[in-house]
Structures are given as C-alpha cells and as structure tokens.
Amino acid sequence: MPDYPFKKTQRLLNACDFKQVFDNNKVKVANSSLLILAKPTEKTSRLGLVIAKKNIPTAVQRNLVKRIARETFRKKHFQKSVDVVFLARNGADKLSRQKLTQIIQNAWDKLDARCKMLEVAEGA
C-alpha cells in the first residue's frame with residue numbers, strides 16, 4: 001500500500017498563512033457541503049482546514065471530515081501548486097463517508113481544472 005504522508009510542509013500552519021488565502025484567493029470551489037478557497041503559490045501545495053463546531057457539532061464527525069479532506073488532498077496531484085483553505089459547511093456531517101469522499105474528490109478535481117484555466121487566462 002502506498003504511503004501518503006501529510007508533512008508539515010503540506011499544511012498551512014499559522015494565521016498569517018490562512019489570512020493570505022482568505023484575502024488573496026483566486027479560485028473558489030463551492031457546494032452545499034464545503035467551500036474551498038485557493039491561491040496559487042510557488043512552493044509546494046498546502047492545505048488548511050476550517051471545521052467549525054457550529055457547522056459540525058460532534059468531534060467524531062469533525063475529525064472524520066478532516067481525515068477525509070487530508071487523505072484526498074494527499075492523493076491528489078495538482079498541476080499547479082496552491083495554498084488551499086477547506087471550509088466545511090453545515091450538513092457535511094450528515095453525508096455518508098463514501099458520499100463525502102466523492103464530493104471532496106470532485107471538488108479537488110474542479111479546483112485543479114480552475115487553477116489550470118486561471119494560469120492560461122493570466123498567461124494570455
């Protein structure tokens with residue numbers, strides 16, 4: 001089985017990193033369960049998670065959402081490096097594990113496609 005570590009270099013670590021993405025995001029992917037904000041970067045792709053207790057009340061469900069988001073992020077190879085903030089919305093805890101995984105994987109694919117389109121648009 002392949003190893004997909006989630007190293008410190010793959011995480012947004014402090015408030016300044018998160019603020020940069022919130023203030024300067026170029027790409028958004030949204031649906032009823034999640035919101036993803038992204039900003040192109042020269043470094044390796046990094047992920048920050050915002051899973052509010054207000055939206056997902058139980059720790060078990062919050063941890064499940066985080067685990068799935070990290071796992072799918074590690075397995076996804078983005079064509080362009082991005083800093084990403086993943087925000088879970090109200091109701092994400094009501095989805096089955098398989099459905100949530102599928103939704104998040106589709107969101108990563110959309111994000112990758114939109115980043116590629118952004119790169120083409122900025123290059124033109």
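1. K75 and E71 lie four residues apart in helix 2, which is about one turn of the helix; helices here are DSSP runs of H or I with at least four residues, strands are runs of E with at least two, and both are numbered from the N terminus. The side chains of K75 and E71 meet in a salt bridge (3.4 Å, N to O), where a salt bridge is a side-chain nitrogen of Lys or Arg within 4 Å of a carboxyl oxygen of Asp or Glu. K75 is partly exposed at 47% relative accessible area, and E71 is partly exposed at 28%. Buried means under 20% relative accessible area, exposed over 50%, and partly exposed in between, with a 1.4 Å probe and protein chains only.

2. The model is predicted: local features need pLDDT of at least 70 and side-chain atom pairs count only at pLDDT 80 or more, while totals for chains, interfaces and linings use all residues. Residues are numbered from 1 along each chain as its sequence is written, and side-chain values use heavy atoms, with hydrogens and water left out.

3. Helix 2 comprises residues 59-75, 17 residues in all, and reaches 24 Å from its first C-alpha to its last, close to the 24 Å expected at 1.5 Å a residue; the expected span is 1.5 Å times one less than the number of residues. Its buried residues are R62, L64, V65, I68, A69, T72 and F73. These residues cover an arc of only 160° around the axis, which puts them on the same side of helix 2; the arc is taken from the directions from the helix axis to the C-beta atoms.

4. The structure holds seven salt bridges. In one, the side chains of D112 and K76 meet (3.7 Å, N to O). D112 lies in helix 3 (residues 97-123) and K76 in the loop between helix 2 and strand 4 (82-88), so the pair ties together parts that are 36 residues apart in sequence. D112 is buried at 6% relative accessible area, whereas K76 is partly exposed at 22%.

5. D93 forms a salt bridge with K94, the closest N and O atoms being 3.4 Å apart. D93 counts as buried at 12% relative accessibility, but K94 counts as exposed at 65%.
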